[in-house]
Amino acid sequence: MSTRLAAMVLAGGKGTRLQSLTKKVAKPAVSYGGKYRIIDFPLSNCANSGITSVGVLTQYESSELNTYIGNGEKWGLNGVRSLTSVLTPKETEEGSNWYLGTADAIYQNIDWLDRVDPEYVLILSGDHIYSCSYDPMLRKHVASGSDCTISCYRVPIQEASRFGILVANDKDEIVEFQEKPKKPISNLASMGIYIFTYKVLRAALIADHKKENSSHDFGKDIIPTMLKEKRKLSVYLYDGYWKDVGTVASLHQANMDLLMSAGTTNLYTVQGDNRIYSEDAHSTPQYIGPSAEVSDSLINQGAQIFGKVRHSVVSGDVVVEEGASVVNSVVMNGALIRKGASVLDAIVGPDTLIDYDEKVNEERDGIALVVNGKAARL
Amino acid sequence: MNQIIGLLDCHNSPELGGLTYSRPLASTSFLGRYAFCDFALSMFSNAGVDAIGILVKDHQRSMLKHMGNLMSWTNNTKIGREAIFYNERGILNPAYNTDVANVKENDWVLYDSNATTIVIASPHVVANVDLRPIIEEHIANGEDLTVVYKPIEDADQEFIGAYAYEIGPDGYVTSTGKNAGRKKKANVSLEIWVLKRDLLFEILKAHERVDMSFGFRETMQYILEQGRLKVKAAPWTGYARRFDSFKHYIDYSFEMLDRKVSASLFVPERPIYTLTHDTPPALYGAHSSVSDSMVSNGCIVEGRVKHSIICRDVRIGKDAVVEDSIVFSNVAIGDKAKVKNCVIDKYSVITARHAIEGAEKTPIYLKQGAIL
């Protein structure tokens, strides 16, 4: 079976800066937007781009993520001409190997790619939030005859030193790549989304694998080497909503971006024609109680609100009891906010119990994170 | 439970006024998120009944749309099967378009299967009966027929026209007739029957001989009267409502806003499955105010909602007021519009500043696609 474009979704990262949220699950499996997990976004994008061969590379705390991905059915990636494979590190004739870097993870699955036999390979990150079709990017890659096309977006120049920065000429060809430059001369930040012509990628990965001092990373090794070798690399400018949620505060902000008060960025406008697919939780209808106060919020099916919820994102099977208050917060699946409790500027993790009259972040010191799993044991 | 076929019998569904003009009761929306057939189908799923036949009487299109890939209620997607039973010729002679005729027309499902037991349930009786022990007992005791009933004390108001049973001390039915509302106490049928395969074939045969206009209920009644059948009665004391009129549809819908009532239908150990629409969570605007209501995913609420049930993908504009109403999917209610005591069917539009108010006991029904 040959295919035009195969997608490889890098979903093995730990997401250390998300603290206890990623203690037991990988970052791509973290809850987002009341209903979704972060990986729903890249996988829905694949589905909406007509991609039928998707490999998801997992490593850190992978069992929940692997189960979630399954055969790709949640995103419709299980049709007759579809293939969704969870690709975990494995024991081989050469021994057993963890994925050492993003490029090494793909290298270790060259066999899988050879079987799929794609003309082009799309490399994605499993923990980015955005909704788009990859089709225009592929068309540009093919039309320009590039070996690699890197999706990028414009950042304020004063922030550019936090990113991998691309310098392109007037033909959108990349002339320079700077990883977190002190003095950036461009504001085109790489999104870590690449389309490679598979033959070129395959050779580059094999060469990189043999290099002893390589960190086997796309940004640090593969791209600089290809530039050195005068390969044709191009930029593709993306101007939609895109978020890489690395920290508790940025995950909180990305949730708040979905609210109506945030302006144009919410799941209803962000999605456009590209629907985001997810798991159906078979939960009961959402109920808002007689004395509840709900405003400027996103609330999922299965939630029961009897107290106050303002400027917040609330997942399914959450109960906010009468007299409890949730303000400017994210409450994840199955959490229970007891009577008299107050949650302010916080992320409340899955199945977390906020007990009677408990005050979370009353002093409003940044974004608080509470994860205790106690509600599941009640 | 591979040895069991579940049949969802949509032939005896009552009309729910305008709601069932263009769709069967089975696919009519309930609580914003469900169709009536979901409850019986989920009872099958939760009891591990994986071979399911859906006896469609009419409005096949609407049923097919809701049934989707015919896999939403099966446990094993290979072994499990949901088959649509449709009596093609029934349309020529509606009086004879009975559930028995439909099963005869589609009897390949029976011949394909070596099932020993058949369970029949109906979409218009909403309950979340734990069928597993009832079926197990039926099989273990070698019963011919087990009927599931609910003892009620308001039979003069509820379950009118449903079968009611007199039950002996041994738990077997001694006599049966329709509940005409004469008494307050009655053991009313939840229209769930567990029967032996042989009995089903006996019914199919008797049907030809006795009266071709008879359905399962009448034919079983006939066999019972002949004294050839012992009928075991299995009680169910949990939530059960018979949706048999537009008025009852409204009463029973609003009744679900009471948490105690809804907790008696929605039990965590037996979830109700339905078709997923992949809609995002409900979005509330900065000045929204919502109380005592069910709101489905895909809704954008910027106005006020009180004591109402809002289905998926509904828009409620700024300063709009929706009270004591049921709003079906894909309805748009404009800014400053006012809706009270209404049932608004799918794809309708209430334009900005428009006000519509029904009387408390007799809500206004707006048909699908209405524009006001």
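Biologist: How many residues does the contact take from chain A and from chain B?

Modeller: The contact (heavy atoms within 4.5 Å) takes 36 residues from chain A and 35 residues from chain B. This is a predicted model, where local features need pLDDT of at least 70, side-chain atom pairs count only at pLDDT 80 or more, and totals for chains, interfaces and linings use all residues. Residues are numbered from 1 along each chain as its sequence is written, chains are lettered from A in the order in which they are written, and side-chain values use heavy atoms, with hydrogens and water left out.

Biologist: What area is buried between chain A and chain B?

Modeller: About 2,900 Å² (accessible area, 1.4 Å probe, lost on being put together, summed over both), with 54% from carbon and sulfur atoms. On the chain A side, A:Met260, A:Tyr268 and A:Tyr287 lose the most area, together 24% of what that side buries.

Biologist: How many salt bridges cross the interface?

Modeller: Zero, by the rule (Lys or Arg side-chain nitrogen within 4 Å of an Asp or Glu carboxyl oxygen).

Biologist: Different topic. Which residues have the most contacts inside the largest nonpolar core?

Modeller: A:Tyr32, A:Ile39, A:Val54, A:Leu122, A:Leu124 and A:Leu251, in a core of 65 residues. Such a core is a set of buried Ala, Val, Leu, Ile, Met, Phe, Trp, Tyr and Cys residues joined through side-chain atoms within 4.5 Å, buried being under 20% relative accessible area (1.4 Å probe, protein chains only).

Biologist: What else is there apart from it?

Modeller: Another core, of 46 residues, including A:Val309, A:Val348, B:Ala337 and B:Ile350.

Terms used
Buried means under 20% relative accessible area, exposed over 50%, partly exposed in between (1.4 Å probe, protein chains only). Buried area is the accessible area (1.4 Å probe) that two parts lose on being put together, summed over both.
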